[in-house]
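Dear colleague,

I am passing on the structure that we spoke about, and below it you will find my notes on what turned up. Please read them with the model open beside you.

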Amino acid sequence: MEWLNKPPEWTDRDGKITVHTGPRTDFWRTTHYGFIRDSGHFYYRPVAGDFTAEVEVRGRYRDLYDQAGLMVRQDAHTWMKCGIEFVEGVQQASAVVTREYSDWSVAPLAANPPAIRLRVVRRGAALEVSYSLDSAAYTLLRLAYLAEGPLQVGPMCASPDGTGFDVTFAGFSVDE
């Protein structure tokens with residue numbers, strides 16, 4: 001695995017990836033805010049075809065838009081990120097799909113759960129994004145068109161407005 005925008009502090013040990021995010025990092029393209037950011041942290045491996053990717057995410061979210069989850073990326077113009085995004089003190093299940101322009105969808109989670117498990121399934125050019133709060137029952141968050149061909153997949157985190165936070169990714173897997 002390798003980093004796009006290596007974080008200031010991180011370890012990959014015993015099936016757990018721990019990260020302290022850098023300040024003012026993000027992935028976003030144009031929509032609504034008018035800016036482009038490609039500075040978030042993305043620890044990825046290449047995939048060629050269909051796959052199922054999963055990870056458990058635990059974060060110490062603190063500042064507006066602190067975020068952590070999974071990313072699937074073709075390039076700086078075509079990608080999807082999903083996971084938790086911290087908005088006004090509430091953890092939101094979040095998905096952003098970018099095909100030149102970013103969109104954003106969120107669903108508030110009750111009681112700011114200690115962890116979330118994410119699952120992304122790729123079939124052709126389609127991505128199915130689901131999350132679980134108990135690692136058993138999954139809720140569909142998004143079904144989206146992304147791209148065919150080789151992609152990169154892995155954990156993602158960023159602190160768009162904050163000074164950084166700690167996040168742990170456990171059990172990251174990709175089954176092709």
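Two strands are said to pair if DSSP finds at least two bridges between them, and the strands themselves are DSSP runs (E, at least two residues) numbered from the N terminus. Please bear in mind that this is a predicted model, in which local features need pLDDT of at least 70 and side-chain atom pairs count only at pLDDT 80 or more, while totals for chains, interfaces and linings use all residues. Residues are numbered from 1 along each chain as its sequence is written, and side-chain values use heavy atoms, with hydrogens and water left out.

With that in place, seven strands make up an open sheet with antiparallel pairing, in the order 2-3-17-7-13-14-15. Its edges are strand 2 (9-13) and strand 15 (139-145), each of which pairs on one side only. Within the sheet, strand 7 (residues 51-59) and strand 13 (residues 116-123) run antiparallel and are joined by seven bridges; Thr52, for instance, has Val121 in strand 13 as its bridge partner.

Turning to the aromatic residues, rings of Phe, Tyr and Trp (its six-membered ring) are taken to pair if their centres lie within 6.5 Å, and planes under 30 degrees apart count as stacked, over 60 as edge-to-face and the rest as tilted. The structure holds eight such pairs. One of them is the tilted pair of Trp10 and Tyr43, with 5.3 Å centre to centre and 55° between the planes. Trp10 belongs to strand 2 and Tyr43 to strand 6 (residues 41-47), so this pair ties together parts that are 33 residues apart in sequence. Trp10 is partly exposed, with a relative accessible area of 29%, whereas Tyr43, at 7%, counts as buried (buried means under 20% relative accessible area, exposed over 50%, and partly exposed in between, with a 1.4 Å probe and protein chains only). Together with Trp3, these two residues form one aromatic cluster.

A further pair, Tyr65 and Trp104, is edge-to-face, at 6.1 Å centre to centre and 70° between the planes. This pair links distant parts of the chain, 39 residues apart, since Tyr65 sits in the loop between strand 7 and strand 8 (67-75) and Trp104 in the loop between strand 11 (101-102) and strand 12 (105-108). Tyr65 is partly exposed at 21% relative accessibility, and Trp104 is likewise partly exposed, at 32%.

Key
Helices (H or I, at least four residues) and strands (E, at least two) are DSSP runs, numbered from the N terminus.
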